[in-house]
Amino acid sequence: MLHFSRWKTLLIWGLVALAVVLALPNAFSDEQLDAMPSWVPRHKLTLGLDLQGGSHIMLKLERQDIVKERLETVVGDVRQTLRDAGIRYTGLSGVGQQVQVRITDTDKVQAAADALNTLTQPVSVGGLTGGTVVEVTLEQPGDGTIRLALTEEGLDYRVSSAVTQSMEVVRRRVDELGTTEPLIQRQGNDRIIVQVPGLTDPQRLKDLLNQTAKLTFHMVDTSMPVSEAMNNRPPPQSQVLYSTDDPAVPYLVERNALISGENLVDAQAVFDQRSNEPVVSFRFDTRGSQRFAQATQQNVGRPFAIVLDDQVISAPVIREPIIGGSGQISGNFTIEGANDLAVLLRAGALPATLTVVEERTVGPGLGQDSINAGVTASVIGAIAVVVFMLAFYGTFGVMANIALAANIVMIIACLSLIGSTLTLPGIAGIVLTMGMAVDSNVLIYERIREEVRGGRKLVEAIDIGFKKAFATIFDANLTTLIAAVVLFFLGSGPVRGFAVTLSIGIITTLFTAYTLTFWLMAVWYRWKRPKGIPTSVRTGFFDNRNIRFMAMRKINFGVAIAISIASVIGFATLGMNLGIDFKGGSIIEVQARDGTADLSDIRERLSMLNLGEVQAQGFGDESSALIRLQAQDGGENAEQSALSKVRGELEADYDFRRVEVVGPAVSSDLTFTATVGVAVALFGILLYIWFRFEWQFAVGAIIATLHDVIFTLGLFVLTGIEFNLTSIAAILTIIGYSLNDTVVVYDRMRENLRRYKKMPLDIMIDTSINQTLSRTVLTAGSTILALGALYMFGGEVISSFTFAMLAGVLIGTFSSIYIAGPVLIAFNLRPETFQQDEAEAGKGAKAGV
């Protein structure tokens, strides 16, 4: 009893020591680590963009560009195939996803179909893994018409290939900026996430990523004046393109490109030796040099157009053959413009347009402020929890605080080891873990006190207390872990960082509470040999309480139902103050360069830009302001245009500390994901409770949890606090916390149902709640202390998250008493069920003997 073998002791403290070693590099700079021996771990926490500053941009590949390109390719293939076969045709056109052609000679319709069948052959995909996909189907509706259709399967393959190719082009472009450790990854079928830490000019990054950068060289068509081509119809082999000048100059250029940017091997920004203006020099590969020399030899004296993304950069006259394989592009460039064009040409062209559908940019100043706020809140929260435990538990509180310190070190060590990114919500997860970690210790300590009051010796009470409390601790923490896992898979960015931190915190809490605290308790007992509970434990005022909670159940239940109905009505009619995550739009945090932020001046200046509803409000100190723009009607590109207008209007007087832009495509996805996330988390948690408890308990937990969610949503409706993606994280955490509370109470009720065979159900429920009241109050108190520190000192960025969490703790505590209990009475839970199960288990045991 209370014996730990040497290997168990070594294992426990070995894991703690390993955690210290793994977490220690975070206390040193990179230069200090480089000077240390090679065996010292180098893994450190990676700060998220919200802490170190930088840009998070989500790009969407435009599927319509792929469809258009494929349609043009198929039209060209049909034309070439029929010409090669000597078959006359008419009405060749491509509309939507179909290409149609009519064979003029009805006798050759089948021959044409046979020739075009080569376009419908399956295309090999997947490399060595094999697999084929049919990109084009053919049908003959009659009247000599042949129709070819692009398949969805083939377009999906082309989109997937284009995203893969685009990622490589994007990576090359971002690398050219010289930034440190950019993250470029695929999301879904058609999106790419680009995260660039420490970036100070996000607009330049977007300009580089938005351009397709398809460079081509065309001869200028001089067969007719360009004005005539614009007024009438240009020749079939030519098209009208416009220059980048202001005003734009039209050019009639041949459709057929002499040479494309695919043959470029280098492009550099240089100064023209004659005019001293910035230009871009380029150099072709061998094949490109030959084609360029041949084209210029054949067209001396004619103008040719250098075209970038269907815009004419310049149209010089070929004075003499260019046989060196190199040249230069001039076009009234600035130095930065010439550099950017050189970057685009070196990186290569994108296969399709990439549209910015989401942008979140944090300036380095705000990132440092967030770090300071997070550290301050963490330290104050930790001190509050430590003092709280010392005040109520004395000697036992010292053990809990040692376990808490080890817990935090192990969380940091795990985050460092797996290379996780620490975000501001992640820091909130650590602070929340501190508040909730003492819950396990409180459960154990109160169970030990209960066993001592029941007449057991202290040594027996300690052993039994740990064993009995572990099942409850495991059940209670598992419900929160399920919510955290769902949040990880369905969340993104900072919210996912919160889920990772919370998940690791739950696992380390189970270890420190049941092993480290147990070891400390055993050492303390062998050292002191106490006869009873230390006098420094001051939770005795909870003993022998006989509060009749169920006597007020009808009134409390009725009030809860009324408030829930009012919340639902308010949600349906008034609605919540949805953030840009769910309705799209922009949030811009600015700070005045001198003096205070003039809110009325900001509103007046921005109202002149025709951006729809514009809100400006104070944010933090007097020099800062928060600007909200409504979702723009023109889609994702309109959102970026609105942001550019705001920058142009305010950039001279204000620093842009934070920018968040969410387009309609992302906002609808986030709304769907959030709804699914809450539903999946509820289903998973309640499925587990149904498995662990009887059906009445599962239904009671469902009703209590729905009550908490509806109450919290009603609070958002009432207060008008912004409801964003972190609010969803808060609701999922509230679900886990509330069920944690409910499971503890239900576990005691189940135990008492087996113990007290004749006790009325309402008295038994009151007894169970009173027996766990100390745990309920103390856990809620420690969690509120930690969250209170986070709310007051954690900064405005996560204020809505911490507000929802604070409200959720209070609501969850209420529902575990006044909702979960009365539901069991309403469903007529019978003690005989548990006594019968116990009797059957006893018979089985006797039969086994």
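**Close-up views of a predicted model**

View 1. At 56% relative accessibility, Trp7 counts as exposed (buried means under 20% relative accessible area, exposed over 50%, partly exposed in between, with a 1.4 Å probe and protein chains only). This is a predicted model, in which local features need pLDDT of at least 70 and side-chain atom pairs count only at pLDDT 80 or more, while totals for chains, interfaces and linings use all residues. Residues are numbered from 1 along each chain as its sequence is written, and side-chain values use heavy atoms, with hydrogens and water left out. Trp7 is placed in helix 1 (residues 6-23); helices are DSSP runs of H or I with at least four residues, numbered from the N terminus. Together with Leu11, Leu15 and Leu18, Trp7 forms a nonpolar patch on the surface, with about 420 Å² of accessible area. Patches are made of residues with over 30% relative accessible area and no salt bridge; like charges are joined within 9 Å, and nonpolar side chains (Val, Leu, Ile, Met, Phe, Trp, Tyr) within 5 Å. Accessible areas come from the Shrake-Rupley method with a 1.4 Å probe; for residues, only the protein chains shown count as cover.

**View 2. A salt bridge between Glu152 and Arg63.** The closest N and O atoms of this pair are 2.9 Å apart (a salt bridge is a side-chain nitrogen of Lys or Arg within 4 Å of a carboxyl oxygen of Asp or Glu). The pair links distant parts of the chain, with Glu152 in helix 6 and Arg63 in helix 4 (residues 63-84), 89 residues apart. Glu152 counts as partly exposed because its relative accessibility is 45%; Arg63 is also partly exposed, at 28%.

View 3. Arg449 and Glu446 form a salt bridge whose closest N and O atoms are 2.7 Å apart. Both residues lie in helix 13, three residues apart, about one turn of the helix. Arg449 is buried, as its relative accessibility is 7%, and Glu446 is buried at 8%. A further salt bridge joins Arg447 to Glu451, with the closest N and O atoms 4.0 Å apart. These two residues are four residues apart in helix 13, again about one turn. Salt bridges that share partners join Arg447, Glu450, Glu451, Arg456, Lys468, Arg748, Glu751 and Arg755 into one network.

**View 4. Lys457 in a loop.** Lys457 lies in the loop between helix 13 (424-453) and helix 14 (458-490). Lys457 counts as exposed because its relative accessibility is 60%.
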